[in-house]
Amino acid sequence: MLIHEYQAKQLFRQYGIPVAPSKPAFTVEEAAAAAEELGGSFWAVKAQVHAGGRGKGGGIKLAHTIKEVREHAKNILGMTLVTHQTGPEGKLVKRLLIESAADIAKELYLGIVIDRKQGRPVIMASAEGGVDIEEVAATKPEAILKVSVDPAVGVQAYQGRQLAFQLGLDKKQVNTFAKILVALYKLFDEKDCSMVEINPLIITAEHELRALDAKVNIDGSGLYRHPDVAEMRDLDEEDPIEVRAGEHGLSYVNLTGNIGCMVNGAGLAMSTMDIIKYYGGEPANFLDVGGSATAEAVTEAFKLILADERVEAVLVNIFGGIMKCDTIAAGIIEAVKEVEVKVPLVVRLEGTNVKLGKKMLDDSGLALTTADSMADAAEKVVAATKKRSTHHS
């Protein structure tokens, strides 16, 4: 689960990571009031969306007067911010962060992620932080320093000092950097994060280190342990169909194709998407209805799939293990009648009572096609979409 910058900075403060004074704002008036309360004469007005590259997209503006704060807030709130991370559709800005701005002498990068190959966290740091860090990683990988962390002992202060010296920091900054790194890892570990990132970690004109930005991604599987973090979830930033699926206990991920998939089991769901692509089709979603696929779950799954206007055909691929095929067939028949599926529907059942399940589908009188294998199902559903496309054109 992603959270906003202002929420990530709340966590940073809890762990003693230095950040500038700042306040969230949801209206132009709140933005102006926040700047006045923060005091000073130099503020950053920052769009709060779950995406990077906000500055390049026009989502971060500097202001030297309260009037400028109002103007920037008025322009940014309600804008559709398009960055390299949002995709061309962009994200609607509904929240701002008003922050006391600083004179920046240098920008560094500091982050912690899980290295899947090593099965342990890895610290990444660079003396070339800032808006072009992705380009640095792609064109100058040697500029990104990496340190593997043993999860049994965590980050040690000496690792922070070593990194600081490699980044070219002075003596006073070395100890501060080490403290920031230890605190960042503590946050990463205690809050079950999959990623924490400070980009940039700045050196101010007064030679102090400060987290200018904050990005925190929490592993959704660990959220039950952190109700305080779970409350930070912003459903406006998430796909509404994925949110609805979660409410019904379904695992759903929206994709870009035109073949809706309903499968039980994550492994089978991924195999189904693979075989659709193998036969020249494009899956519209990943959808795992779970091992006990009830009639209610199947009905809700059909509704989710058909809520996507791009779907031109649906493939149901169910292995009847815990739930028998005749029970699943009854659920499919009930769901199709209720939802009124108007696109081609291909159903492949396998497992316990498969013959009875297929017979029930064949005798249902519904406009659906049964398949004998995954390959057969994939071929049939891809052919159905191509036939439909030809018909429409």
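In the predicted model, asparagine 264 has a relative accessibility of 9% and is therefore classed as buried, the limit for that class being under 20%. This residue is placed in the loop that joins strand 14 (259-263) to helix 9 (266-278), and its side chain reaches the backbone oxygen of phenylalanine 319 at 2.8 Å.

Burial can also be considered for the chain as a whole, where buried residues account for 50% of the 393 residues. The secondary structure of the chain consists of 13 helices and 18 strands, and the C-alpha trace spans about 80 × 50 × 40 Å along its principal axes.

Among the helices, helix 10 (residues 295-306) and helix 11 (residues 325-339) have axes that come within 8 Å of one another and cross at roughly 45°. Helix 10 is therefore oblique to helix 11, and the crossing in which helix 10 passes helix 11 is right-handed. On the side of helix 10, the contact involves Ala295, Val298, Thr299, Phe302, Lys303 and Leu306, which meet Gly331, Ile332, Glu334, Ala335, Val336, Glu338 and Val339 of helix 11. By residue class, this contact of helix 10 with helix 11 comprises 8 nonpolar, 2 polar and 3 charged residues.

Definitions and conventions
Residues numbered from 1 in each chain as written. Predicted model: local features only at pLDDT ≥ 70, side-chain atom pairs only at ≥ 80, totals over all residues. Heavy atoms only, no water. Axes fitted to C-alpha atoms, helices over the stretch in contact; angles between N-to-C directions. Helix = DSSP H or I, 4+ residues; strand = E, 2+ residues; numbered from the N terminus. Parallel < 35°, antiparallel > 145°, perpendicular 65-115°, else oblique. Left-handed = near helix turned anticlockwise from the far one by under 90°. Contact = heavy atoms within 4.5 Å. Nonpolar A, V, L, I, M, F, W, Y, C, P; charged D, E, K, R; others polar. Buried < 20%, exposed > 50% of the residue type's maximum accessible area, 1.4 Å probe, protein only. Polar contact = N/O pair within 3.5 Å; in protein donor to acceptor, adjacent residues only side chain to side chain.
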